[in-house]
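Colleague: I am new to this structure. Please walk me through some of the labels used for it.

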Amino acid sequence: MAFRSSPAEISKPAAWPPPGRGTASLLPLKIVSSSEVSLKDRLLLFLIDVGGNAARLPVNACAAMTCSVAADVNRRSKLVWVWTESRQVMTAAVERGWNTFLFRSEPRSNDLANEWSSIALITPLFIDGKQLFDGQSRKIASFYEVSSPQELQLFQPNTEVVDNVVINFQNEWQVIPAENIVAAFQGCNRTVLAVSATSTEAQVFLEALELGLDGVVLKVEDMGEVLRLKEYFDRRNEVRNLLALTKATITRVEVVGMGDRVCVDLCSLMQPGEGLLVGSFARGLFLVHSECLESNYIASRPFRVNAGPVHAYVAIPGGKTCYLSELHAGKEVIVVDQSGLQRTAIVGRVKIESRPLILIEAKEHSGNETYSIFLQNAETVGLVCPHEGNRTTIPVTSLEVRDEVMLRVQGAARHTGIEIQEFILEK
């Protein structure tokens with residue numbers, strides 16, 4: 001779908017195709033009347049920004065650019081353009097909704113744009129010096145190659161006359177320059193993209209100063225980089241979906257023997273009501289509270305979850321699970337709160353130590369299935385309670401039969417952490 005000027009009526013210009021550049025673009029649109037524009041059409045003109053601000057594309061760009069947008073954790077739209085000569089990369093990108101491609105202004109690139117447009121609906125943009133043009137020679141964006149701090153300092157929001165800017169960093173420094181750009185363009189209506197050679201570099205640009213740049217130009221010849229960038233967006237987009245949690249009633253609390261329990265220390269701080277989803281069976285994961293609460297005997301550790309023994313399952317991004325024993329520094333887990341709001345966090349450290357354990361069993365209110373979890377028998381370890389109660393968590397040392405806790409019910413059968421459909425009996 002192309003971004004259009006959203007008129008009530010449109011017509012094709014007399015001269016088509018235009019001379020000079022490749023003719024692989026969508027038909028250009030000429031505004032005849034704009035007095036009757038639907039709300040839906042108006043929304044197509046905008047890439048929604050944080051807090052309701054809109055970074056608007058110029059009208060001529062709206063006619064040429066396809067909706068290569070992925071939503072991130074900040075509810076801000078991110079552009080993804082692709083710069084490649086690989087047909088496999090092009091195909092993978094189009095299949096994932098990224099249809100805007102960059103080409104050099106040379107005959108070979110024009111031929112490639114025409115060839116690809118014959119097999120896919122793409123929007124080609126052509127780099128000509130310091131400018132980007134569409135197939136009808138309309139200026140879409142400015143293109144800068146930055147190789148020094150001095151060049152970066154000259155790059156200021158008020159120097160631009162177009163709404164779109166593409167920056168290609170030429171040296172090894174990327175993080176600090178990207179942060180400087182985010183800071184300089186904060187509150188500005190311009191759309192800034194950075195050229196990235198890998199999906200990892202793209203992530204750096206998209207997360208700089210938490211807000212990130214407005215998008216990236218993925219310049220790759222390896223299809224795997226496209227797949228990895230899409231996986232990254234999928235993980236980030238998960239936080240916009242609430243996990244369905246249900247109430248469960250405690251049916252058994254029993255002190256057992258010693259076991260190897262796992263403390264998971266994250267690179268993020270947790271708030272009251274947040275924790276990790278853990279359980280002895282993948283079909284039912286308990287929301288184990290973090291150690292963020294203060295006590296008279298030990299300082300709070302809001303980065304830590306005393307999660308249970310090595311055999312237990314823990315929820316990780318992508319709807320998957322893994323064993324607590326498989327966690328390590330750098331692996332991602334899902335942090336969830338009482339409402340089911342989830343976010344991704346990075347594991348900073350895992351500690352496995354022998355400690356006394358307590359067995360907890362519970363049943364979901366609407367069924368007879370029994371779910372269980374082992375946890376360390378300590379006052380700092382607790383399970384998250386439902387919202388309507390006057391407390392956030394119940395320490396396992398105070399847990400009693402008929403207490404209510406939060407539970408995540410899901411498919412039981414797993415293969416390497418991925419849910420599959422097969423018969424399985426666990427007890």
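Modeller: Start with Y297, which lies in the loop between β16 (284–289) and β17 (304–309). Helices (H or I, at least four residues) and strands (E, at least two) are DSSP runs, numbered from the N terminus. The model is predicted, so local features need pLDDT of at least 70 and side-chain atom pairs count only at pLDDT 80 or more, while totals for chains, interfaces and linings use all residues. Residues are numbered from 1 along each chain as its sequence is written, and side-chain values use heavy atoms, with hydrogens and water left out.

Colleague: Why is Y297 called exposed?

Modeller: Buried means under 20% relative accessible area, exposed over 50%, and partly exposed in between (1.4 Å probe, protein chains only). Y297 has a relative accessible area of 84%, so Y297 is exposed.

Colleague: Why does I176 count as partly exposed?

Modeller: I176 is at 39% relative accessibility, so the label is partly exposed. I176 is found in helix α6 (residues 175–184).

Colleague: What makes W173, V175 and I176 a patch?

Modeller: Like charges are joined within 9 Å, and nonpolar side chains (Val, Leu, Ile, Met, Phe, Trp, Tyr) within 5 Å. W173, V175 and I176 form a nonpolar patch on the surface, with about 310 Å² of accessible area together. Accessible areas come from the Shrake-Rupley method with a 1.4 Å probe; for residues, only the protein chains shown count as cover.

Colleague: How do you know that the buried residues of α4 are on the same side?

Modeller: In α4 (residues 107–117), S109, N110, L112, A113 and W116 are buried. They cover an arc of only 160 degrees around the axis, so they are on the same side of α4. The arc is that of the directions from the helix axis to the C-beta atoms. P107, R108 and D111, on the other side of α4, are exposed.

Colleague: What makes β15 and β16 a pair?

Modeller: Two strands pair if DSSP finds at least two bridges between them. Five bridges join β15 (residues 275–281) to β16, and the strands run antiparallel. They form a hairpin with two residues between them. F281 stands opposite G284 in β16.

Colleague: What joins β16 to β25?

Modeller: Three bridges join β16 to β25 (residues 404–409), again antiparallel. F286 stands opposite L407 in β25.

How values were computed:
Patches are made of residues with over 30% relative accessible area and no salt bridge: like charges are joined within 9 Å, nonpolar side chains (Val, Leu, Ile, Met, Phe, Trp, Tyr) within 5 Å. A salt bridge is a side-chain nitrogen of Lys or Arg within 4 Å of a carboxyl oxygen of Asp or Glu.
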